[in-house]
Amino acid sequence: MNCPACQQQLIHIEIGPVIADVCENSCGGSWLDRLELAKICASNASISHRVLSIKSKTSSPLKEIKQCPHDQKNLIHRSYIQNQAVVDECPQCGGIWIDHLDEFLQIASDFIQKNNLDARQARDFFSEQFRQK
C-alpha cells in the first residue's frame, strides 16, 4: 500500500491492538483503518519507541489532495481538537491519514484525558468525530 501524501511504500507497525500503516522511510505519516484510532486509545496502549522515533525524511512537497490507499477516493480534511489537529478521512471506507506524529499523539492524549470510555464508546466517539452522517 502506498502513502497518500508522498506515494512511498507504507510499512506495518504494531500500536497496541492495531497494525498501522506508516510512512517510516519518507514523510512520517500514518494510515489507520476505520476506528483503529479509537481501538488504540481505548486500549491505553503505550506508543512504542519505534513509532515515536518516526520523523519526516523528505523535503519534497506532499500532495495537497490525497487519495485513500484502499479505494483511491479523495480524502476530506477534518479538524479535531478545536483545529489543533487535522486528519484526512476517506468518505467511503472511513480510514484516516494523519500527516504528523504530533497530531496522532495530540488526538490520542486528548481522547484519553477527556474521555474515560470503553471500547464501544470509543468507536462511537470517533465515528461521530470523523464521519458526518
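Residues are numbered from 1 along each chain as its sequence is written, and side-chain values rest on heavy atoms, with hydrogens and water left out. As the model is predicted, local features need a pLDDT of at least 70 and side-chain atom pairs count only at pLDDT 80 or more, while totals for chains, interfaces and linings use all residues.

Let's start with the overall layout. The protein chain contains four helices and six strands; here helices (H or I, at least four residues) and strands (E, at least two) are DSSP runs, numbered from the N terminus. Going along the sequence, the order is β-β-β-α-α-β-β-β-α-α. Of the 133 residues in the protein chain, 45% are buried, where buried means under 20% relative accessible area, exposed over 50% and partly exposed in between (1.4 Å probe, protein chains only). The protein chain exposes about 7300 Å², and 45% of that comes from carbon and sulfur atoms; the areas come from the Shrake-Rupley method with a 1.4 Å probe, and for residues only the protein chains shown count as cover. Among contacts with a separation of 6 or more, 55% are between residues 24 or more positions apart, a contact being heavy atoms within 4.5 Å.

Next comes the inside. A nonpolar core is a set of buried Ala, Val, Leu, Ile, Met, Phe, Trp, Tyr and Cys residues joined through side-chain atoms within 4.5 Å. The largest one has 18 residues, and L32, L37 and F104 touch the most other members. At least two residues of this core come from each of β1 (11–15), β2 (18–22), α1 (36–43), β5 (85–89), β6 (96–98) and α3 (101–114). Helix α3 gives the largest share, four residues. Another core, made up of eleven residues, lies apart from this one and includes C3, A5, C23 and L75.

Now for the charged pairs. The structure holds three salt bridges, each defined as a side-chain nitrogen of Lys or Arg within 4 Å of a carboxyl oxygen of Asp or Glu. In one of them K66 pairs with D88, with the closest N and O atoms 3.7 Å apart. This pair links distant parts of the chain, since K66 sits in the loop between α2 (49–52) and β4 (76–80) and D88 in strand β5, 22 residues apart. K66 also forms a salt bridge with D99, again with the closest N and O atoms 3.7 Å apart. D99 belongs to the loop between β6 and α3, so this pair ties together parts that are 33 residues apart in sequence. K66 is buried, at a relative accessible area of 6%, and D99 counts as buried too, at 16%. D88 is likewise buried.

The remaining pair is R78 with E89, whose closest N and O atoms are 2.9 Å apart. R78 lies in strand β4 and E89 in strand β5, so parts eleven residues apart in sequence are tied together. Both R78 and E89 are buried. Through shared partners, salt bridges join K66, D88 and D99 into one network.

Strands β1 and β2 run antiparallel and are joined by five bridges; two strands pair if DSSP finds at least two bridges between them. E14 stands opposite I19 in β2. Two residues separate β1 and β2 in this hairpin, and G16 in the turn has a positive phi of about 60°.
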